[in-house]
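These are my notebook entries on a single protein chain. I set down what I looked up, in the order in which I looked.

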Amino acid sequence: MEVRCQQCGCRALFHEPFKFSNARRFECSPQGAHLWGKVVVEELYPEHFPWEPPQLDQKKVSKFHQGPLRGYEFNRFGMIECCDCDEKYPAEISWPEEAFWQWKILNETIVARNAEHAQLIAKFLSESKRPVTVTPSLRNIPSKLLVGNRADELTDQIFEDLKKAW
């Protein structure tokens with residue numbers, strides 16, 4: 001994911017602090033990996049983010065959030081790596097508010113995870129006949145942006161921002 005660097009405001013990469021894999025691969029896991037239920041957890045930045053299993057409040061656990069990673073919150077804590085100021089540091093972010101790629105149109109905020117996702121959104125919006133079934137990464141585009149010339153306006157903004165970034 002690409003976020004705004006908290007030091008200089010330029011485009012930076014956000015890295016999750018852990019890698020999750022199936023527990024069946026525990027024997028092949030690196031030394032120091034943790035077994036958490038049916039999941040192997042590898043600490044990618046143990047000096048900044050040591051693994052501690054999330055404490056679940058059973059009253060707040062929804063049936064929709066149950067699964068092998070129940071209780072772990074993605075896109076919150078991790079390492080930020082900025083190519084512009086050449087910094088790499090631990091951080092807490094607020095996603096999607098700190099997304100580098102975002103546009104406001106018709107009181108809606110459109111967010112892309114990275115430049116490739118932004119290009120995918122722009123390509124989808126610029127198609128004259130859009131497919132009815134789209135990939136999950138395109139499903140959150142509000143329908144009011146898909147009618148009239150609003151899609152063209154957003155596409156122009158996305159392409160302009162992409163040109164500036166390269």
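I began with N75, which is partly exposed, with a relative accessible area of 25%; I count a residue as buried under 20% relative accessible area, exposed over 50% and partly exposed in between (1.4 Å probe, protein chains only). This is a predicted model, in which local features need pLDDT of at least 70 and side-chain atom pairs count only at pLDDT 80 or more, while totals for chains, interfaces and linings use all residues. I number residues from 1 along each chain as its sequence is written, and side-chain values use heavy atoms, with hydrogens and water left out.

N75 is not a glycine, yet has a positive phi of about 60°. I place N75 in the loop between β5 (39–43) and β6 (77–82); helices (H or I, at least four residues) and strands (E, at least two) are DSSP runs, numbered from the N terminus. D86, also other than glycine, has a positive phi near 60°. D86 lies in the loop between β6 and β7 and is exposed, with a relative accessible area of 66%. The peptide bond from W95 to P96 is cis, with omega near 15°, and P96 sits in the loop between β7 (87–92) and β8. I noted these sites because most residues other than glycine have a negative phi, and most peptide bonds are trans.

**Overall layout**

I found two helices and nine strands in the protein chain. Along the sequence, the pattern reads β-β-β-β-β-β-β-β-β-α-α. The C-alpha trace spans about 55 × 40 × 30 Å along its principal axes. Of the 166 residues, 31% count as buried.

**Cores**

Which residues touch the most other members of the largest nonpolar core? Of its 20 residues, they are W101, W103, I121, L125, L154 and I158. A nonpolar core here is a set of buried Ala, Val, Leu, Ile, Met, Phe, Trp, Tyr and Cys residues joined through side-chain atoms within 4.5 Å. The elements giving two or more residues to this core are β8 (101–105), β9 (108–112), α1 (115–126) and α2 (150–165). With six residues, α1 gives the most.

I then listed the contacts of W103 (heavy atoms within 4.5 Å). Leaving aside neighbours within four places in sequence, W103 is in contact with E108, T109, I110, A112, A118, L154, Q157, I158 and D161. A second, separate core has ten residues, including F20, W36, F49 and W51.

**Cysteines**

I searched for disulfides, taken as pairs of cysteine sulfur atoms within 2.5 Å, and the count came to zero. C8 is in no disulfide; its nearest cysteine sulfur, that of C82, is 3.6 Å away. C8 is partly exposed, with a relative accessible area of 35%. C83 is likewise in no disulfide, with the sulfur of C82 as the nearest, 6.6 Å away. C83 is exposed, with a relative accessible area of 65%.

**Largest pocket**

Last, I looked up the largest pocket, whose volume is about 290 Å³. A pocket is an open set of points on a 1 Å grid over the protein atoms alone, where a 1.4 Å probe fits, with protein on both sides within 12 Å along at least five of seven lines; lining residues have an atom within 4 Å of a point. Of the 13 lining residues, the closest to the centre of the pocket are F18, W51, E52, Y72 and F77.

Key: Points joined across faces, edges and corners; volume = space filled by probe spheres on them.
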